[in-house]
Amino acid sequence: MTLSACAGDTEEAPAPSESNENQQDDADTHTGGMNSGTEENNETDSKSPSHAEMNHSGSGEVPEGLKEAENPTYPVGSQAIIHADHMPGMNGAKATIVGAYDTTVYSVTYTTPEGEKVENHKWVIHEEIKEAGEEPFKPGDQVTLNADHMEGMDGATATIDSAEKTTVYMVDYISTDGEKVTNHKWVTESELKAE
């Protein structure tokens, strides 16, 4: 399972581009079946919530303290092809980069207040974790999520499954199913390829 539109309850900085404000009017929440889909783990957890509960489009706001990448591989305004299946229709879609940030990105496992276990959720960034300090977390660490990519996620206790220091991107794209997704958070640099 993968993360999309992150917008926690933390104070947030303004969107990286003015076009995000206009696009937000068109943003809508997309639905679809759950697919934890990574090359390492293509199993679907039958206890996990569906992507119908995910916020695929976001506000364009970013967590306080998130630093813009100085020299990203994919600069704001450039286009790339997404090679990730966080949700149906994402893999193979052409993305426009609307933000590029240097941070540590995590896949996490957490349980919703309703008791539903969500495994290998991608991605939560360092600035979306309540206890975040200067040092990155390690696999196995217990943290509190400060992001609302999915219903029941904000405030949930999570276990870090993986951690990687990288550039993450906020992207706009039209899914292969024809749905417009704006300000999707997050896609990692390794999940993008030049057109």
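In what order do the elements of the protein chain run from the N terminus on? They run β-α-β-β-β-β-β-β-β-β-β, where helices (H or I, at least four residues) and strands (E, at least two) are DSSP runs, numbered from the N terminus. In total there are 1 helix and 10 strands in the protein chain.

Before selecting anything, please note that this is a predicted model, in which local features need pLDDT of at least 70 and side-chain atom pairs count only at pLDDT 80 or more, while totals for chains, interfaces and linings use all residues. Residues are numbered from 1 along each chain as its sequence is written, and side-chain values use heavy atoms, with hydrogens and water left out.

Colour the chain by pLDDT, which is the predictor's confidence in each residue, from 0 to 100. The mean pLDDT of the protein chain is 77, and 69% of its residues reach 70 or more. Now select residues 1-53, over which pLDDT stays under 50; for this stretch the model has 158 contacts beyond four places in sequence, a contact meaning heavy atoms within 4.5 Å. Where pLDDT is low, the predicted coordinates should not be read in detail.

Show the whole chain again, this time with its surface. The protein chain exposes about 9,000 Å², and carbon and sulfur atoms supply 42% of it; accessible areas come from the Shrake-Rupley method with a 1.4 Å probe, and for residues only the protein chains shown count as cover. Of the 195 residues in the protein chain, 49% are buried, a term that means under 20% relative accessible area, with exposed over 50% and partly exposed in between (1.4 Å probe, protein chains only). Among contacts between residues at least 6 apart in sequence, 67% join residues at least 24 apart.

Next, select strand 6, which covers residues 117-125 and holds W123. A cis peptide bond joins K122 and W123, with omega about 0°. In strand 6 you will also find N120, which has a positive phi of about 55° although it is not a glycine. Is N120 buried or exposed? With 12% relative accessibility, N120 counts as buried.

Finally, move on to strand 9, residues 180-188, where W186 lies. The peptide bond from K185 to W186 is cis, with omega near 0°. N183 is also found in strand 9, and N183 has a positive phi of about 55° although it is not a glycine. The relative accessible area of N183 is 0%, so N183 is buried.
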